[in-house]
Each structure stands twice: as structure tokens, then as C-alpha cells.
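Please read them with the coordinates open.

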Amino acid sequence: AKKVGNTQGYEPDQPIPFNHQKHATQLKIDCQYCHAAVDKSRHATVPSMNVCMNCHSVVRQDSPHIQKMKTLIEQGDSFEWIKVHDMADFVFFSHKRHIAKGIACETCHGDVGKMQRVAQAERLNMGFCVECHRKEKAPTSCDTCHH
């Protein structure tokens with residue numbers, strides 16, 4: 001089992017390969033198109049197959065991976081993406097707060113737009129967060145992240 005937080009470089013194979021470089025950089029699809037409500041929620045929301053099929057019902061239908069998703073949907077089945085960026089359950093982290101402050105996704109997630117396969121770019125442990133909070137003069141009291 002994968003440890004959470006300090007797994008810099010973690011780069012799992014996904015059930016269906018998804019090329020962020022192609023979608024985010026070449027096609028210029030905004031992060032929030034697939035990771036909907038990240039600006040309103042604590043969580044980034046990993047997209048469902050339906051989000052993929054919004055485009056892929058007409059684009060690249062011949063891809064075996066798209067065919068696999070289409071078949072799963074028709075069968076009422078699905079798969080789960082393997083979470084790359086994870087924090088311990090006792091840590092409260094709000095994407096919404098960070099986005100509201102104008103912090104770019106790349107600050108913590110690295111340049112995902114250059115990644116064919118997503119890897120954890122930063123440590124995402126307490127030291128990483130506290131270092132950034134100090135630099136940005138953000139709250140560093142324990143109850144900021146530990147509720």
C-alpha cells in the first residue's frame with residue numbers, strides 16, 4: 001500500500017492511460033474542466049468517465065481505451081483512477097481556499113501539463129506546507145490543518 005504525503009515521484013499506472021500533456025498543454029483544456037468544483041470544494045474531484053466521454057463520444061472513438069470506457073458505461077460499470085496526490089486523513093486541506101488565494105495548481109502538483117503520466121512532484125508533507133505558509137505569511141498554527 002502506498003504511504004500518503006511524502007511520496008515524491010510516485011507515478012502509478014492508471015487503469016486507462018491519460019496524457020495530461022496532450023490534454024492540458026496541446027489541447028489547452030483547463031484543469032477545472034475535468035477537475036470540476038475544485039474551486040468550490042475541499043477536494044479536487046477526480047473526473048468520472050462521463051466527463052471523458054463529453055469529448056470522446058465524438059473524438060478518437062477508435063481508441064481502444066475510449067472503447068473500454070464506452071463498454072464499461074454501457075455495462076453500468078466503471079473503474080477508479082489511482083490517486084496520486086494524497087494526504088493523511090487527519091490533515092484538513094482545502095483546494096477551495098488555495099484557489100481563492102490565487103495559488104496555481106502547479107505550485108503543489110508540479111507542471112502536470114508537461115506530464116504524460118502524472119507523478120507527485122512535491123513532498124506534500126507538513127514541512128512542505130509549513131515552508132510555503134511561512135513564505136506567504138499564511139497561518140501556521142496547528143489548527144490551520146489539524147481539526
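Predicted model: local features only at pLDDT ≥ 70, side-chain atom pairs only at ≥ 80, totals over all residues.

1. The chain has 7 helices and 0 strands. From the N terminus on, the order of elements is simply α-α-α-α-α-α-α.

2. **Overall dimensions.** The C-alpha atoms fill a box of roughly 50 × 35 × 25 Å along the principal axes. Of the 147 residues of the chain, 26% count as buried. Take the contacts between residues at least 6 apart in sequence: 68% of them join residues at least 24 apart.

3. **Nonpolar core.** Which residues make up the largest nonpolar core? There are 9 residues: I16, M49, C52, M53, I66, M69, L72, F79 and W81. Helices α3 and α4 each supply at least two residues of this core. In soluble globular proteins, nonpolar side chains tend to be buried together.

4. Look at M69 in particular. Leaving out residues up to four places away in sequence, M69 touches I16, M49, C52, M53 and F79.

5. **Second largest pocket.** The volume of this pocket is about 510 Å³. It is lined by 23 residues, and the closest to its centre are F18, N19, H23, H56 and I66.

6. **Who builds the lining.** Helices α1 (20–26), α2 (31–34), α3 (49–56) and α4 (64–74) each supply at least two residues of the lining of the second largest pocket. Which helix gives the most? That is α3, with 4 residues. By class, the lining has 15 nonpolar, 6 polar and 2 charged residues.

7. **Buried side of α7.** Helix α7 spans residues 126–135, and its buried residues are F128, C129 and H133. Why do they lie on the same side of α7? They cover an arc of only 125 degrees around the axis, which puts them there. An α-helix has 3.6 residues a turn, so residues three or four places apart point the same way. What covers the buried residues of α7 includes α5 (95–100) and α6 (106–109).

8. **Other face of α7 and what follows.** The face turned away from the buried side carries the exposed residues E131, R134 and K135. Just after α7, K137 takes a positive phi of about 55 degrees. Check the backbone of K137 when you view the end of this helix.

Definitions and conventions
Residues numbered from 1 in each chain as written. Heavy atoms only, no water. Buried < 20%, exposed > 50% of the residue type's maximum accessible area, 1.4 Å probe, protein only. Arc of directions from axis to C-beta. Contact = heavy atoms within 4.5 Å. 1 Å grid on protein atoms, 1.4 Å probe; cavity = no way out; pocket = protein on both sides within 12 Å on 5 of 7 lines; lining within 4 Å. Points joined across faces, edges and corners; volume = space filled by probe spheres on them. Nonpolar A, V, L, I, M, F, W, Y, C, P; charged D, E, K, R; others polar. Core = buried A, V, L, I, M, F, W, Y, C linked by side-chain atoms within 4.5 Å.
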